[in-house]
Amino acid sequence: MVKSKNSPDVIIIGGGVIGCAVAYFLASEHGIESLIIERNGIGSEASGGAAGELAAAELTEKGAHRPPAIFTQFLQEGIALHANLLPALLEESGVDYLLTEIPLLRPAFTDDEANGMRDELARLHASGIAASWLEPKDIQAMRTWLADDVLGAVFSTELQLESYPFALALAQAAEQHGVEIRTGEVTGIERSGGRVTGVRLGSELLSARTVVIANGPWSRFAAKWVGLDIPVIPIRGQIVHLDLPCEAPRPNQAIFHSTGYVLPKASGSLYVGTTIEDVGFDSEPTIEARDSIMEAVARISPQVIDIPIKRISACLRPYSTDEMPIIGAIPGIDGLFIATGHAFKGMTLCLVTGKSLAEIMAIGSSSFPMTEFSPARFVSA
Ligand SMILES: Cc1cc2nc3c(=O)[nH]c(=O)nc-3n(C[C@H](O)[C@H](O)[C@H](O)COP(=O)(O)OP(=O)(O)OC[C@H]3O[C@@H](n4cnc5c(N)ncnc54)[C@H](O)[C@@H]3O)c2cc1C
């Protein structure tokens, strides 16, 4: 492959955590340099605005769609990679993104919820996830911020990080390995015969024999440039940031319920969330969301309602309509790859996605089995 500033090995569209992670692993593990093209700033969309919780212990409500076992394994692999890569990323970037452990409670307030959660615990244990059931008396002894009428809770210890510093750390670590980052909006993907030849930035053409579509919910537009329909849609999520003074008491555990969450961050912030809104590409925060989040969270954790609100943030999750990420080579177009559709789990999955896609691009296969995530389920060659 030709390596020059004008003709990088690989062009990556999008400087969210997914694009940055692909670039990082291509360079650090395979010596393949790439150019990330980002139209705003690194981590300027969901990757910088996410809550930053890295959890595999998802509980599904009775009758709800359960993620397949391979997705849970992918999450576990992603979390392990976050833990393993921390020293290298800290050293290479100099950015501390506060990767820390957080005790997490998933409470039940009805008998149905409690019974469903006990059943779900068996599934978690079968996946090798450490979690236990707490009775109300155990919860009381922990001095939690849970409402008094809690009937029990699943307890686990998870990891979390600060999303925006993490996105910057990943980008800067990638740059240490020779990755270039350029500001610009990609407006087309160039092809000749059956292979990719580069990308278009307005009137400018940049050549590359390999292109990765990693522009989050906008990936659908990029796929359309080459005539493909990849079903990724934006799903807005909002977070209320509470103004908790340094000296004020704060919760010792995160609380996650199907109606809302309370997440104390290692930086001292307190997040409450969230919404799941199908409103197109509108990423403005709303008063309605603020009120509905506060109302839901007041039910599970009444202490939060007395804390003043600092601000509300909103961003768009790249949601694939079959709820599985879309990662791999695009059949029928040599040199074109995609990594998108990570929805609620992009922070958790970015490193394992980057590592796996880099392996597929460099050596043709990955150590983690990726068949279920392949774009081939939407594209025929
Ligand atoms: C409120 C909220 C909370 C969340 N909390 C968590 C969490 O706790 N844990 C977790 O694991 N996940 C969480 N997520 C999900 C996670 O944030 C996303 O899955 C992840 O950030 C997606 O990363 P991405 O790189 O695919 O997309 P993005 O972050 O959207 O990045 C895509 C980038 O592409 C750029 N771009 C778009 N079009 C172009 C173009 N034509 N040319 C150049 N650049 C372009 C954009 O500017 C953007 O920077 C949360 C999401 C939301 C909304």
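Helices (H or I, at least four residues) and strands (E, at least two) are DSSP runs, numbered from the N terminus. Residues are numbered from 1 along each chain as its sequence is written. The model is predicted: local features need pLDDT of at least 70 and side-chain atom pairs count only at pLDDT 80 or more, while totals for chains, interfaces and linings use all residues.

**View 1. The loop holding glutamate 323.** Glutamate 323 lies in the loop between S16 and strand S17 (326–329). Its phi is near 65°, a positive value in a residue other than glycine. Glutamate 323 is partly exposed because 13 other C-beta atoms lie within 10 Å; a residue is buried if 20 or more other C-beta atoms lie within 10 Å of its own, exposed if 12 or fewer, and partly exposed in between, with C-beta atoms placed from the backbone.

View 2. Leucine 98 is found in the loop between H3 and strand S4 (100–108). Although leucine 98 is not a glycine, its phi is positive, about 55°. With 14 other C-beta atoms within 10 Å, leucine 98 is partly exposed. Glycine 273 and threonine 274 are joined by a cis peptide bond, with omega about -5°. Threonine 274 belongs to the loop between strand S15 (270–273) and helix H8 (287–300).

**View 3. The shell around the ligand.** The ligand is surrounded by 39 residues, the closest being Gly14, Gly16, Gly216, Gly237 and Gly346; a residue counts as near if its C-beta atom, placed from the backbone, lies within 6 Å. Elements that each supply at least two residues of this shell include helix H1 (17–30), strand S12 (232–242) and helix H9 (346–363). By class, the shell has 16 nonpolar, 16 polar and seven charged residues, where Ala, Val, Leu, Ile, Met, Phe, Trp, Tyr, Cys and Pro count as nonpolar, Asp, Glu, Lys and Arg as charged, and the others, Gly among them, as polar. Domain 1 (1–99 + 161–231 + 321–381) and domain 2 (101–158 + 233–320) both contribute to the shell, so the ligand lies between them; the domain bounds come from an automatic or database domain assignment.

View 4. The centres of domain 1 and domain 2, taken over C-alpha atoms, are separated by 28 Å. The contact takes 32 residues from domain 1 and 32 residues from domain 2, two residues being in contact if their C-beta atoms, placed from the backbone, lie within 7 Å. On the side of domain 1 that touches domain 2, H2, strand S3 (53–54) and H3 give two or more residues.

**View 5. Helix H6 and its packing.** Helix H6 (residues 163–176) has 14 residues and reaches 20 Å from its first C-alpha to its last, close to the 20 Å expected at 1.5 Å a residue; the expected span is 1.5 Å times one less than the number of residues. Among the buried residues of H6 are Phe166, Leu168 and Leu170. The buried residues of H6 pack against H1, H2, helix H3 (69–93), strand S7 (180–183) and H9. Glycine 178, with a positive phi near 100°, follows H6.

**View 6. The largest nonpolar core.** This core has 118 residues, and those with the most contacts inside it are Ile13, Cys20, Val22 and Leu170; a nonpolar core is a set of buried Ala, Val, Leu, Ile, Met, Phe, Trp, Tyr and Cys residues joined through C-beta atoms within 7 Å. H1 gives the most to this core, with 10 residues.
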